Structures are given as structure tokens and as C-alpha cells.
Amino acid sequence: MYQKQQIESGSITSPVRDALKIASGLFFDTGERGFSTSLLREAERRRHRTHQGILMMLLVSFLMGGCVVRLAHLQLIQGQQNRQKAEGNRLRLVPIRSERGNILDRKGKLLAANRLSRAVYLWPKEQLATQWTQTAHQLSPLLNIPAAQILQKLQKAGFKSTMPVRISRNINQNAFVALAERATEFRGVEIRPESSRYYPTVELAGHVLGYIGEASEDDLEANPDYPMGMLVGKMGIERLVNSKLSGVWGSRLIEVDASGEELRETGVENPVAGEPLQLTLDLELQKTAEKALGQRRGAVVVLDVKTGAVLAMASGPSFDPNLFTRQVSDAEWDELQSKDNPFLNRALQGYPPGSTFKIVTAAAGMESGKFSPDSYVSTADSITIGGISFHEYKGGFGVIGFEDAFAYSSNTFFYQVGIEAGPEEIAKWGKRLGIGETTDLNLLGLEGGNHGSLPTPAEKEQLFGEPWYAGDTVSMSIGQGLVLTTPLEMAVMVATIANGGKRVKPHLLASQTNTAETKPEPTGLKPETIEAIRKGLVAVVQKGTGQQLNDGSIPLTGGKTGTAEVPGQEDNANYVAFGPAENPEIAIAVVVENGGYGGVAAAPIAHDIFKTYFKK
């Protein structure tokens with residue numbers, strides 16, 4: 001009662017009073033009940049705050065636990081990978097290019113070598129992609145490279161790549177000075193010295209040597225060990241023997257500071273240089289052949305008659321492989337394309353052989369048994385076969401044998417020999433002498449090579465759906481109509497006659513000479529047939545259409561002129577030869593497109609080659 005009075009009188013403070021009310025369960029009137037409700041609400045709010053605190057503590061504990069788990073994952077599970085990434089920020093693997101092997105002629109003279117040059121590399125991670133866009137546009141005019149091309153290379157490597165990307169090789173002095181003066185403007189741009197391919201003979205043997213270029217996506221996919229920017233052979237010998245010439249790239253592991261400057265070298269793997277390669281080409285003969293051809297459309301082939309080694313192979317017009325050791329400008333490319341298909345190796349293209357093919361017709365006539373080496377045939381201004389007149393080269397020569405028929409290039413003589421022997425026999429002996437698929441182009445491996453064509457009546461019917469006419473045989477017997485031979489095959493043909501009847505296998509690698517792979521194959525020609533043809537070819541030079549080669553400046557040789565009709569154009573000029581007449585050593589074939597008479601345009605080229613060969 002006393003406590004109740006004290007509560008009601010207000011002598012007890014409010015908090016104490018509230019507690020006593022709750023503890024004693026006193027509920028006096030409506031006012032007292034409202035007061036009690038307020039106390040309950042306050043208690044509820046305190047409990048709510050307590051719950052909030054607990055939830056906050058749980059949330060904080062959860063977040064801290066997540067951090068601990070993530071830290072453990074980074075340290076324990078991904079520790080090695082992250083350490084490598086950290087190292088990558090200060091360590092760089094710099095590739096070291098290997099030097100390509102030198103290419104030498106048969107006497108060790110340089111055809112392709114290396115020299116010091118400068119290349120421009122970019123380090124992708126040194127700038128953001130947006131920054132590289134601006135840098136690319138600044139570099140473009142200095143290096144004469146489209147900005148889009150620079151960015152394409154960076155995108156291909158990845159803008160976060162730690163490996164350098166080469167965007168230009170063999171830069172000129174002006175570009176080097178300009179970049180050096182503005183070095184502070186180009187973060188992540190490096191000028192690096194390296195060796196560059198160099199062709200000291202310029203355009204000489206361009207179709208044989210070929211050229212190099214950066215590995216394509218297909219090259220990189222086929223060779224996973226190739227680094228970005230790997231240089232590979234794209235044409236010719238550079239492509240054929242690329243695996244030996246290219247060598248193996250090395251690398252340097254360097255430590256850099258925050259600005260990308262090299263601090264120290266921490267490891268090095270030295271590159272392995274490519275192997276030198278010796279060809280069968282004779283540099284002096286190659287020079288003479290190309291100079292005499294003079295960038296005219298045509299080709300010259302010189303073979304060793306005993307081994308089949310290619311001593312010279314010229315094709316005109318030619319090109320300079322040095323162009324492809326650096327970035328080719330649009331103007332340079334347009335100028336190159338303005339020539340008449342300079343990348344076409346005409347030494348491996350089919351041409352009508354004209355009268356040079358009379359060698360095959362003579363072999364077929366004698367080997368068929370229809371003629372002997374001593375046979376004589378009556379010639380005239382023209383002969384009529386199947387109601388068509390076929391004319392002589394220069395009037396009739398009377399009754400002559402094979403020697404004079406070759407010397408004066410009598411058409412009517414060989415018309416009759418061809419008709420008697422028949423097209424099948426002519427095709428048979430043409431193939432045995434090296435025309436068509438019997439010439440193994442795989443030994444050369446050069447691009448764009450084709451075989452000649454010697455269709456038989458059955459093959460003509462199959463290919464063209466037309467019958468064989470007597471006129472086809474007449475045309476075939478003098479190397480016209482459907483007959484095509486390549487300059488290489490023409491050289492094989494005359495070499496086979498010169499060496500006593502063994503078909504040589506043309507090759508370019510010195511390591512292939514005198515091996516089982518290139519051993520000449522017997523053709524089955526009788527010795528007397530070979531002797532009769534050789535006498536006829538020597539007579540051409542002594543008293544016939546090739547007398548200009550008998551001027552006393554060189555030993556006596558044998559040869560055969562040929563003038564092949566080209567519809568709607570001037571005739572092609574052909575010449576095949578061997579020398580010396582006694583114990584022959586080399587065989588030559590020359591084709592000059594639209595050159596006119598073989599004795600006028602082609603024979604002088606062979607004469608120059610003989611002079612170079614015999615002078616040595």
C-alpha cells in the first residue's frame with residue numbers, strides 16, 4: 001500500500017516507477033493501462049534493435065568469411081598462376097630471330113644472304129586499345145603502313161599480350177631517325193636491330209630463289225612452334241627448303257621497370273641459324289642468260305648434259321626478291337604488276353616448239369624402222385596431203401638426207417617422215433626424250449610448272465571430241481598444232497641426244513646431283529639414230545640456219561633453230577643447242593615470245609651463254 005501511494009504521489013522517479021508497475025502487476029485505471037502499453041512498445045523496440053545488431057554481426061561475419069575464403073583460393077589454389085602474372089608485369093620474353101641459311105651457287109657464290117637491319121616492334125600491354133589507335137595513326141606516315149594494318153596486328157596478338165609484335169621490318173634510315181627523335185611520344189614502341197634477307201644478285205634467278213614473308217595464319221596453325229612474326233619462304237627455293245633455311249628462333253628473358261625499360265637479363269636461349277644451301281645454278285651463266293634475254297617475255301634453260309643439274313634458269317620479265325624483305329608500298333606493287341606477269345616462270349610453261357621438235361620426228365622415223373640414218377627423201381616447194389598443200393620453209397632442197405634436212409630445216413622432208421612414222425610413234429619418242437609427264441617437275445618443286453602436250457589421235461578424240469586428221473600429223477611433225485613443250489623439256493630433249501640417249505632429270509639442289517634420285521634413264525634410242533641426229537644438229541651450225549654460232553669465238557656446237565607460229569601475233573623464236581660438238585657438256589633451250597625467227601632472236605642468246613661457259 002505504501003508503494004502504491006508513493007507511485008501515485010509521484011515521489012518515485014519515472015523509470016523506477018515503470019519498473020515497479022510492471023513488477024507488481026498494478027493496473028489502476030485506463031491511464032495506467034496506457035502507460036503500461038508504452039513500456040511494452042519500448043521493450044519491443046529494444047528487442048528489434050537487438051535483432052538488427054545480431055543480423056549486422058552475422059552479415060559482417062559472412063563478408064569477412066568470404067574474404068578469407070577468397071584469399072585462401074588466391075593464395076593456395078591460384079597462387080602459382082597469380083605469381084606468374086605478377087612476374088609478367090616485370091619479366092618479358094623477347095624472341096631472338098634466327099638467321100636464315102645462305103643460298104649459294106654451285107661454286108659458293110652468294111645468291112641469298114643476310115645483313116643487319118632495323119625492325120619496329122610494339123609491346124601491346126604498354127598502352128590501352130584506345131591509345132594504340134592514336135599511336136597507329138601517328139606511326140602510319142612514318143613507316144608507310146596503313147594504321148588499320150598496325151591495329152590489326154595488335155588485335156591479333158591481343159592488347160594485353162606481353163609479347164612484342166613486329167609491325168615493320170628493314171625500315172629505312174629516314175624512318176629510323178624520325179622514330180628516334182620522337183621516341184618519348186611512343187610508349188611501347190621499340191626499334192630493334194636484327195638480320196634481314198638480302199639478295200645481292202637483285203633480279204637474277206628471282207623465279208628460282210623466290211622470296212620470304214611473314215608466316216600466314218595457316219603457317220602458324222600448321223607450325224605451333226612458330227613465333228608471331230616468323231619469316232618463311234613464300235616462293236621458289238626459299239619455300240621449298242624453308243625448314244632447313246629458317247633455323248630455330250631463340251629468346252631472352254629480361255626484367256623491366258615500371259616504365260618498360262630493361263633492367264637486367266635473367267636468361268637466354270640462343271637461336272640456331274639455318275643451314276646453308278648450295279644450288280646447281282652457275283651465277284655467271286645465269287647473269288648471261290638474263291642479260292641476253294633482256295626482260296623480254298621468254299625463258300632460257302641450261303643443263304649439264306651428264307647429270308641434269310640446272311646451270312641456269314631465266315624467265316622474263318623477272319622481279320626483285322628484295323622488295324619482299326620489307327613492307328611493299330602500293331606504288332611499288334603497282335609498278336611490279338605493270339610488267340607482263342613477272343611471277344610466271346616461263347621456263348615451265350608450254351610453247352609450240354616449231355622446228356626444234358624435228359629432233360623427235362627424226363627419232364620416231366628412224367626408230368619406227370621406216371627410215372634409216374642413211375635414208376634420203378625428195379623435197380619440194382610444197383606437198384599435198386589430204387587435198388591440202390603444205391609448203392616448204394624456203395623452196396625445195398631436192399633429194400636430201402637427215403643431215404641436210406636438219407641443216408636447212410626442210411619442212412617437206414619432215415612432213416613425209418612424220419606421215420610415215422605416224423602420230424603414235426612421234427608421241428612415244430617425244431615422251432621418251434622428256435616431253436610430257438616424263439619430266440619430273442617434283443625434283444624442281446617450283447610453282448606454276450606445267451608439262452608439255454603430245455596428244456595421240458585417241459587422246460585428241462577424248463580431249464576435244466574431234467577426229468584426227470592427216471593435217472594434224474603434218475603439223476605435229478614440225479612442232480606445231482597440238483604440240484606444246486616447255487623450255488625445260490626442250491633442254492632435256494637436246495641433252496638426251498647430246499649425252500648418248502639417256503634422259504636426264506633436271507634438279508636444282510647440288511645435294512641431288514649424281515644420286516639415285518637423279519640418275520639419267522636410258523631411252524632405248526639406237527646409237528646410230530643418236531649419231532645421225534647429232535650430225536644433223538652440228539650441220540645446222542656449220543652450214544645451216546645456225547651459222548652465226550660458228551664465228552670462231554667458241555668451239556663448234558650443235559643446235560636447231562625453230563620459228564613457231566602464234567595465231568594473230570608475231571612468231572615465237574626458239575633455239576636448242578649442245579656444246580661442244582665433241583664430248584658435249586651443256587645443253588641450252590631458248591624461247592623468245594613473239595621474237596620472230598629462231599636464228600635471229602633466240603640463237604644469239606645461246607651464243608652468249610656458250611661464250612661465257614667456254615671462257616671459264
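Thr384 has Ser389 as its bridge partner in strand β15. The model is a predicted one, in which local features require pLDDT of at least 70 and side-chain atom pairs count only at pLDDT 80 or more, whereas totals for chains, interfaces and linings use all residues. Residues are numbered from 1 along each chain as its sequence is written, and side-chain values use heavy atoms, with hydrogens and water left out.

Strands β14 (residues 382-385) and β15 (residues 388-391) pair in the antiparallel sense over 4 bridges, pairing being assigned if DSSP finds at least two bridges between two strands. The two strands form a hairpin with 2 residues between them, and Gly386 in the turn has a positive phi of about 60 degrees. In β14, Ile383 and Ile385 make up the covered face, while Ser382 and Thr384 make up the uncovered one.

The protein chain contains 22 helices and 21 strands, taken as DSSP runs numbered from the N terminus (helices H or I, at least four residues; strands E, at least two). Of its 616 residues, 50% count as buried, a class defined by under 20% relative accessible area, with exposed meaning over 50% and partly exposed in between (1.4 Å probe, protein chains only).

The count of salt bridges comes to 28, each being a side-chain nitrogen of Lys or Arg within 4 Å of a carboxyl oxygen of Asp or Glu. Arg346 and Glu593 meet in one of them, at 3.0 Å from N to O; this pair links distant parts of the chain, 247 residues apart, with Arg346 in the loop between α13 (330-337) and α14 (358-367) and Glu593 in the loop between β21 (586-592) and α22 (598-615). Both Arg346 and Glu593 are buried. A further salt bridge joins Arg503 and Glu521, whose closest N and O atoms are 2.8 Å apart; Arg503 lies in strand β17 (residues 502-503) and Glu521 in strand β18 (residues 521-522), so the pair ties together parts that are 18 residues apart in sequence. Arg503 is buried, with a relative accessible area of 11%, whereas Glu521 is partly exposed at 32%.

On the surface, Met56, Leu59, Val60, Phe62, Leu63 and Met64 form a nonpolar patch with about 640 Å² of accessible area together. Such patches are made of residues with over 30% relative accessible area and no salt bridge, nonpolar side chains (Val, Leu, Ile, Met, Phe, Trp, Tyr) being joined within 5 Å and like charges within 9 Å. Leu59 is found in helix α3 (residues 30-77) and is partly exposed, with a relative accessible area of 44%.

Notes. Areas by Shrake-Rupley, 256 points an atom, 1.4 Å probe, with all protein chains shown as cover.
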